[in-house]
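Please read the sequence and the model side by side. The paragraphs below go from the whole chain to single residues.

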Amino acid sequence: MDRYLVFGHPVRHSKSPFIHTMFARQTQQELEYGLAEPAVDEFAQALRTFFDQGGKGCNVTVPFKEQAFTLVDCLSPRAKRAGAVNTIKLTDDGVLLGDNTDGAGLVADLKSHGVTLADSRILLLGAGGAARGALAPLLAELPSELVIANRTHTKAQLLAAEFCDLGPVTAQTYEQLAGTFDLVINSTSASLQGELPPLAPALIHTDIAIYDMMYGASDTAFISWAKQHGARQSMDGLGMLVEQAAEAFTVWRGIRPGTKQVLRELKRNLGVI
């Protein structure tokens with residue numbers, strides 16, 4: 001049976017085995033999917049061992065995405081742009097292909113919620129790996145402007161300069177942010193600690209869409225804050241998790257699974273519904 005797994009540290013909380021097992025049943029694919037939590041300095045050896053022992057593909061999560069980028073034989077265009085790999089496939093000719101499905105998963109989830117990206121003004125909070133993976137797919141949707149805000153402004157400036165050839169992307173400090181945004185995406189992990197990015201409440205209005213890449217059984221700190229200040233549409237990252245997994249499954253198996261039923265079951269599993 002074909003073997004897949006997810007590498008991370010920590011990774012025991014991962015919902016990926018649940019998601020991919022459901023995808024396999026839905027598409028009648030025979031595979032098994034597990035977890036691997038090597039020490040941070042043992043990831044490269046663990047990855048080699050997995051494929052040497054017959055592994056067919058894997059997902060890679062925190063903190064190994066940038067390291068995976070350097071360990072594969074070739075990169076997809078979107079992985080090159082992101083500078084990080086979250087999906088690896090062993091091709092038929094024995095090559096390790098690195099891909100990044102995070103941004104595609106984000107865009108798919110936003111569209112599933114009816115969020116219009118074309119001609120919209122988007123605010124992206126954070127300039128780390130999650131932001132990097134999201135930028136190219138977001139810019140491909142032709143927003144009118146994409147603004148990156150980050151606590152360390154120089155990091156946001158460097159990221160904007162790197163992606164400016166793909167569309168109208170700029171960097172601003174939190175204090176500089178002004179005007180009306182159609183969509184705010186929080187790519188920081190602040191919600192995991194119950195913290196908030198230093199965003200002015202005046203930027204929140206009733207027609208804005210709020211997206212937090214983090215998720216939980218209840219509203220994240222950022223979503224709760226946005227709702228308190230009038231936001232009527234808010235989404236967490238659970239749908240993105242399922243959509244990026246579907247993209248990875250497609251890379252591995254050449255068949256695209258449906259996501260709606262899996263997302264419903266995952267919410268039920270988490271106690272969200």
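What follows describes the overall fold, then a helix and its packing, then selected residues and backbone features.

This is a predicted model, in which local features need pLDDT of at least 70 and side-chain atom pairs count only at pLDDT 80 or more, while totals for chains, interfaces and linings use all residues. Residues are numbered from 1 along each chain as its sequence is written, and side-chain values use heavy atoms, with hydrogens and water left out.

The chain has ten helices and twelve strands, where helices (H or I, at least four residues) and strands (E, at least two) are DSSP runs numbered from the N terminus. Its radius of gyration is 18 Å, close to the 19 Å that the globule rule gives for 273 residues, so the chain is as compact as a globular protein of that length; the radius is taken over C-alpha atoms, and the rule is 2.2 Å times the number of residues to the power 0.38. Taken along the principal axes, the box filled by the C-alpha atoms is roughly 55 × 40 × 35 Å.

Of the 273 residues in the chain, 49% are buried, a word that stands for under 20% relative accessible area, with exposed meaning over 50% and partly exposed in between (1.4 Å probe, protein chains only). Among the contacts in the chain with a separation of 6 or more, 68% are between residues 24 or more positions apart, a contact being heavy atoms within 4.5 Å. The accessible surface amounts to about 12300 Å², and carbon and sulfur atoms hold 50% of that area, as computed by the Shrake-Rupley method with a 1.4 Å probe. There are 24 positive and 29 negative side chains, and the centres of these two sets lie 4 Å apart; Lys and Arg count as positive and Asp and Glu as negative, with His and the chain ends not counted, and each charge is placed at NZ of Lys, CZ of Arg, CG of Asp or CD of Glu.

Just after H5, glycine 114 takes a positive phi of about 80°.

Aspartate 99 is buried, with a relative accessible area of 5%, and, not counting residues up to four places away in sequence, the residues it touches include Ala79, Asn86 and Val251.

Asparagine 86 lies in the loop between helix H4 (77–82) and strand E5 (87–90), where it is buried at a relative accessible area of 3%. The side chain of asparagine 86 reaches the backbone nitrogen of threonine 101 at 2.9 Å. Leaving aside neighbours within four places in sequence, its contacts include Cys58, Lys65, Asp99, Asp102 and Gln244.

Leucine 123, in strand E7 (residues 121–125), is buried with a relative accessible area of 0%. Beyond four places in sequence, leucine 123 is in contact with residues including Val147, Leu177, Phe181, Ile185 and Leu199.

Several backbone features lie in loops. A cis peptide bond, with omega about 5°, joins histidine 9 and proline 10, the latter in the loop between strand E1 (2–7) and helix H1 (16–27). The bond from valine 62 to proline 63 is cis, with omega near 5°, and proline 63 lies in the loop between strand E3 (57–60) and H3. Aspartate 119, in the loop between H5 and E7, has a positive phi near 65° and is exposed, with a relative accessible area of 64%. Leucine 142, in the loop between H6 and strand E8 (145–149), has a positive phi near 60° and is exposed at 59% relative accessible area.

Terms used:
A polar contact is a pair of N or O atoms within 3.5 Å; within protein, one must be able to donate a hydrogen and the other to accept it, and residues adjacent in sequence count only if both atoms are side-chain atoms.
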